[in-house]
Amino acid sequence: MDNKLNEIRRKIRFLRAEMLSAEDNIRKQVNRAEDCSEAALHLMAMRVVMLGLIGERNRLGGEERLLNVDERLKLDVRPASRRPSNGAPMRIAAKAGGGPDPGWGPVRVEKASHIKNPKPRPDLVGTEKARGRRER
């Protein structure tokens with residue numbers, strides 16, 4: 001019975017994705033002022049099939065209670081571990097001490113993109129070749 005129930009759930013999941021695609025196609029046709037009656041009839045047929053699958057699922061005891069907004073917000077959906085979900089290693093603090101080391105200070109480096117008026121180069125290296133090419 002569990003296999004049958006899982007098969008029905010798989011069909012429902014697939015049909016939902018297909019229905020979303022059909023609805024998207026209907027929206028595109030409406031935006032282009034095209035006739036979407038055939039696509040709408042196909043979508044209604046998919047809804048009939050969906051209702052049949054849901055009824056069968058519920059008959060087999062696989063009815064899933066839908067939560068309202070308050071119940072969904074109260075769910076604890078945080079991951080069990082603090083490890084990132086993408087498989088990256090956790091960040092470990094560089095030092096477990098109580099503060100910065102004496103003698104160490106923050107280093108500030110000015111980024112090149114923040115320099116609004118760059119200083120002209122005092123040595124005109126490379127300008128002779130450029131001038132020579134222009135004169136020819």
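**Ground rules.** I number residues from 1 along each chain as its sequence is written, and I work with heavy atoms for side-chain values, leaving out hydrogens and water. Because the model is predicted, I take local features only at pLDDT of at least 70 and side-chain atom pairs only at pLDDT 80 or more, while totals for chains, interfaces and linings use all residues.

**Entry 1, fold.** I looked up the secondary structure and found 4 helices and 0 strands in the protein chain. Helices here are DSSP runs of H or I with at least four residues, strands are runs of E with at least two, and both are numbered from the N terminus. From that end, I read the order of elements as α-α-α-α.

The chain exposes about 13100 Å², of which carbon and sulfur atoms supply 55%; accessible areas come from the Shrake-Rupley method with a 1.4 Å probe, and for residues only the protein chains shown count as cover. I then checked contacts (heavy atoms within 4.5 Å). Among those between residues at least 6 apart in sequence, 62% join residues at least 24 apart.

I found 5 salt bridges in the structure (a side-chain nitrogen of Lys or Arg within 4 Å of a carboxyl oxygen of Asp or Glu). Side chains of opposite charge can pair when their charged atoms come close.

Arginine 10 bridges to glutamate 7, with the closest N and O atoms 2.5 Å apart. The two are separated by about one helical turn because they lie 3 residues apart in helix H1, residues 2-31. Arginine 10 is partly exposed at 41% relative accessibility, and glutamate 7 is partly exposed at 32%.

Arginine 47 bridges to glutamate 23, and here the closest N and O atoms are 3.4 Å apart. This pair links distant parts of the chain: arginine 47 sits in helix H2 (residues 37-59) and glutamate 23 in helix H1, 24 residues apart. I read 42% relative accessible area for arginine 47, so it counts as partly exposed; glutamate 23 is partly exposed at 22%.

Glutamate 34 bridges to arginine 32, with the closest N and O atoms 3.0 Å apart. Glutamate 34 has a relative accessible area of 39% and is partly exposed. Arginine 32 is partly exposed as well, at 48%.

Methods. Buried means under 20% relative accessible area, exposed over 50%, partly exposed in between (1.4 Å probe, protein chains only).
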